[in-house]
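User: Hi! I'm new to reading protein structures, and I'd like to go through this one step by step. Could you help me?

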Amino acid sequence: MKKIFFICILLLYGLASYAKHIAGGELFYQYLGPGSSANTSSFKITLRLFRDCNSTGPLLQDEQVTVGVYENNNLIKSVFLPIQGPVTSISLNTSRIACLIGSVSVCYEIGIYSSTIELVNNTVGYTLSRLGCCRVDGISNLIAPSRNVGSNYTTQIPGLALLNGKGNSSPQFNLKDTALVCARNRFSLDFGATDPDGDGLVYSFCDGFTAPNSSNNIPPPPTLSLTTLPYGSGFSGTNPLGTNVKINPQTGVISGIAPDPGQYVVSVCIAEMRNGIVISTHRKDFILKVQSCDLIAATMAQDIVNCKDYTIYFENQSTSPAIQSYLWSFGDPSNSTSTAPTVTFTYKDTGTYTARLQVTGPNGCTGADSAQVRIYPGFFPAFGVNGSCFLNPYQFKDSTKASYGAVNNWLWNFGDRTTTKDTSTLQNPIYKYSAAFNATVTLIVGSSKGCVDTLQKVIKIPDKPFIDLPFRDTLICSIDSLPLLVNSQGVITWSPNTNIINPNTANPIVFPKDTTTYYVTVNNNGCVNNDSVKVNVLNYITVTIGRDTTICKTDSIQLVPVSHALSYKWFPATGLSNSAVKYPRAAPLANTRYTVQANLGKCQATDSVFIKVIPYPQAFAGNDTIICFGSKAQLNGSIIGSSFKWSPSNILISPNTLHPLAAPSKSMPFILMVYDTLGCPKPGIDSVWIAVIPPIVINVGRDTIVVENQPLQLNAIVSNADNISYRWVPPTGLNNAGIENPIATLSGIDSITYNVMATNAIGCSGYNSIKVKIFKGAPEIYVPSAFTPNKDGLNDIIKPIPVGIKQLHYFNIYNRWGQMIFSTSEIGKGWDGLLNGIKQPPGTYVYLTEGIDYAGKPLLRKGTFVLID
């Protein structure tokens with residue numbers, strides 16, 4: 001026999017605060033029979049309250065329970081419910097739960113309060129409500145801070161309109177509240193109920209209600225107000241434990257993966273159904289405590305059914321990390337087994353099998369479970385619907401197919417947004433909507449083999465029958481007839497009944513002699529809709545294409561006839577995009593006369609147009625060419641035509657000739673357009689591309705100073721061209737005047753200017769020069785004796801002047817207090833008289849500098865200079 005662990009859901013409350021003591025409650029009633037007065041019924045009303053055994057709040061014996069009876073949300077009676085007998089208690093013996101990790105306890109006191117009442121039989125029924133306080137502070141699924149949150153326990157007594165004269169007792173939830181749920185562990189909690197009348201029960205999570213203030217034993221207010229609890233982010237009445245926990249709508253079993261430790265308010269609603277119709281909604285409200293515990297157990301799904309294929313995914317629903325080993329058996333004829341934590345197993349045939357799981361944990365702890373596995377593929381849910389509009393009932397028909405067993409249970413939700421009583425358990429129910437809208441209809445269907453599937457369809461519920469007309473405005477000739485077509489369901493009538501054959505069908509034939517509007521009426525069981533078709537009538541037609549025209553050869557032209565005709569035929573078809581449309585494009589390669597035959601039924605007209613085809617004038621702009629920046633290019637054009645034009649003409653010399661000179665500053669095209677006088681209105685066009693090589697830029701550095709016989713490295717750097725040849729002039733003192741980086745060694749002269757020319761492979765050249773001064777002496781670092789940083793452009797910066805120095809180690813400047821106020825190792829860089837942006841005072845400053853001469857010897861110099869304001 002299957003063994004189930006119902007893991008750790010604890011209906012605990014009880015913090016040390018006034019009246020914060022109720023762990024849950026249920027308000028229910030029992031029908032006792034006819035009342036003592038005519039047209040009345042007698043009921044026993046009962047409230048069952050739960051209190052945490054460890055609560056420090058008020059005792060259940062002290063509860064003053066008053067229930068309000070409401071008709072159409074208006075209070076008609078208040079009923080005091082005295083306590084019945086002593087308060088009892090229930091508890092969970094955790095010592096019997098093998099392999100439980102963690103210290104937990106579950107204990108509740110239960111108080112029963114009841115009284116009898118007689119109510120007048122009405123059609124709308126009654127709502128019972130008991131207000132109270134308070135729920136525990138810090139409820140995990142409510143908006144923080146959740147303090148002094150009240151409760152409102154309700155149930156419904158259906159009216160005579162739903163009961164057909166028979167009494168009704170509400171369902172009662174089974175008393176299985178001593179269950180244990182461990183955080184982030186899989187659990188299962190039986191929250192089922194029984195119904196004394198044998199009515200169908202459908203379970204769901206729903207919104208819990210709060211009381212309007214935080215006082216306990218609140219008297220019923222004059223008007224019933226159901227205020228929803230303030231659920232926090234990620235939670236709602238339909239998801240009170242998060243998205244990983246669900247409730248079985250048929251059994252009431254709550255299962256899934258428990259959320260983090262905490263206290264959660266949960267409300268479960270029961271839709272009580274009789275003859276496929278919801279007659280009332282019953283509910284129970286409770287506080288759920290999820291605890292920090294773990295359980296080594298083997299827990300398989302209660303019912304494993306596959307109605308799609310033969311493969312089942314097995315996993316232990318107890319997810320304790322302390323489990324050390326697994327042993328699965330699948331109940332198949334081959335006695336297959338597996339030791340993996342999870343298994344995907346494929347059965348070879350249909351049937352019902354018994355699968356088993358055994359797990360082991362530390363200290364010899366073991367757990368075992370079994371489950372029936374039913375393999376019956378071939379279950380296909382389907383349904384159809386037939387209806388006209390919301391004024392009439394819609395017939396729903398189940399067409400589910402099952403290859404094995406029989407389809408034997410149905411739960412319909414008709415998606416009516418105006419009511420909660422839009423459900424049925426019949427196979428083929430009938431439902432009438434209250435308004436026109438798009439309804440999402442849901443069918444949950446099952447079979448005798450345990451197959452269950454869900455199908456949804458969006459059904460359009462119109463306010464009138466659908467009418468589909470292929471056209472609503474048309475044209476015929478007076479000697480023709482016309483079939484009218486309508487796509488709809490119901491009784492169809494056309495009017496006026498003039499010049500019409502079969503006016504009460506979906507496809508009458510009309511033959512009006514004058515323009516007439518025909519009206520169609522569709523009546524589908526009282527749902528009525530109307531539409532119309534206007535038939536315009538002509539006694540004859542004409543067609544006009546327009547004047548003859550000329551086009552350039554290879555061009556096309558749109559032919560645009562003017563006519564009321566509905567069909568056209570052009571001939572010849574040569575050069576036409578489509579010879580059977582009203583507006584074809586014509587692209588003849590030779591002179592052509594096109595004739596159009598236009599028809600409106602039996603009425604016909606013709607016209608023609610002559611298209612003259614003239615070749616394009618021809619332009620030849622010449623070959624593309626390449627020139628150097630600053631050079632000119634000779635253009636060589638030729639034409640077949642009567643006139644021409646170059647563009648752009650503003651950078652051409654002699655643009656009115658076929659051979660102008662072009663002097664562009666960048667690469668660009670020059671366009672030659674040719675015209676003629678033969679009739680082609682468009683020019684012939686050709687272009688020539690002139691590619692301009694950008695100017696070659698040479699960087700040879702700044703003018704410099706050397707001492708006699710000091711080797712000087714010259715460098716000509718070209719960054720915007722490749723394949724460059726170089727020439728330095730004069731060659732005096734150069735080791736090679738034809739390379740980019742010759743070495744100059746000079747003596748016997750005071751200065752020399754070297755000019756360098758860089759030429760690319762095309763012959764474009766660039767130029768630059770450098771001046772070299774020659775000192776007749778040893779290498780030296782010169783520093784001026786004074787400077788005037790007044791920003792007049794003269795002597796504004798003091799800097800070292802190295803002669804025969806290849807590297808400057810440093811140039812440091814100090815004020816009279818010995819503070820270094822400037823330093824650089826970059827030749828050519830100096831001081832502007834500022835320190836951190838502040839102008840320094842006039843006076844004497846000390847410098848210290850060191851460099852390496854061209855022979856590699858260090859050179860150290862120090863001295864003073866004067867800053868003159």
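This is a predicted model: local features need pLDDT of at least 70, side-chain atom pairs count only at pLDDT 80 or more; totals for chains, interfaces and linings use all residues.

User: Which residue forms a salt bridge with Arg274 with the closest N and O atoms 3.6 Å apart?

Analyst: This salt bridge has its closest N and O atoms 3.6 Å apart, and it joins Arg274 to Asp197. Arg274 lies in strand β18 and Asp197 in the loop between β12 (193–194) and β13 (200–205), so the pair ties together parts that are 77 residues apart in sequence. Asp197 is partly exposed, with a relative accessible area of 26%. Together, the network of salt bridges links Arg274, Asp199 and Asp197.

User: How many salt bridges does a search of the whole structure find?

Analyst: To count here, a side-chain nitrogen of Lys or Arg must be within 4 Å of a carboxyl oxygen of Asp or Glu. With that cut-off, the search of the whole structure gives 13.

User: Which residue forms a salt bridge with Asp260?

Analyst: Asp260 itself is partly exposed, with a relative accessible area of 44%. In this salt bridge, the closest N and O atoms are 2.7 Å apart, and the partner of Asp260 is Arg184. Asp260 is in the loop between β17 (253–257) and β18 (262–274), while Arg184 is in the loop between β10 (172–173) and β11 (186–190), so the pair ties together parts 76 residues apart in sequence. The name you asked for is Arg184.

User: Is Lys284 buried or exposed?

Analyst: Lys284 belongs to strand β19, which covers residues 277–290. Beyond residues up to four places away in sequence, Lys284 touches several others, including Glu26, Phe50, Phe173, Asp177 and Val268. Its relative accessibility is 2%, so Lys284 counts as buried.

User: What is the bridge partner of Ser643 in β59?

Analyst: Strand β59 covers residues 668–675, runs antiparallel to β56 and is joined to it by five bridges. In β59, the partner of Ser643 is Tyr675.

User: What kind of peptide bond joins Ser647 and Pro648?

Analyst: As a rule, most residues other than glycine have a negative phi, and most peptide bonds are trans. Pro648 is in the loop between β56 and β57 (652–653). For the bond between Ser647 and Pro648, omega is about -5°, and the bond is cis. Val729 and Pro730 are likewise joined by a bond with omega about -5°, which is cis.

User: What is the phi of Asn709?

Analyst: Asn709 is in the loop between β62 (704–707) and β63 (712–713), and at 47% relative accessibility it counts as partly exposed. Its phi is positive although the residue is other than glycine, with a value near 65°.

User: How far apart are the C-alpha atoms of Ser747 and Asn709?

Analyst: Ser747 is found in the loop between β66 (743–744) and β67 (751–759). Leaving aside neighbours within four places in sequence, Ser747 is in contact with Glu708 and Asn709. Ser747 and Asn709 are 38 residues apart along the chain, and their C-alpha atoms are separated by 5.8 Å.

Note on methods:
Residues are numbered from 1 along each chain as its sequence is written. Side-chain values use heavy atoms; hydrogens and water are left out. Helices (H or I, at least four residues) and strands (E, at least two) are DSSP runs, numbered from the N terminus. Buried means under 20% relative accessible area, exposed over 50%, partly exposed in between (1.4 Å probe, protein chains only). Two strands pair if DSSP finds at least two bridges between them. Contact means heavy atoms within 4.5 Å.
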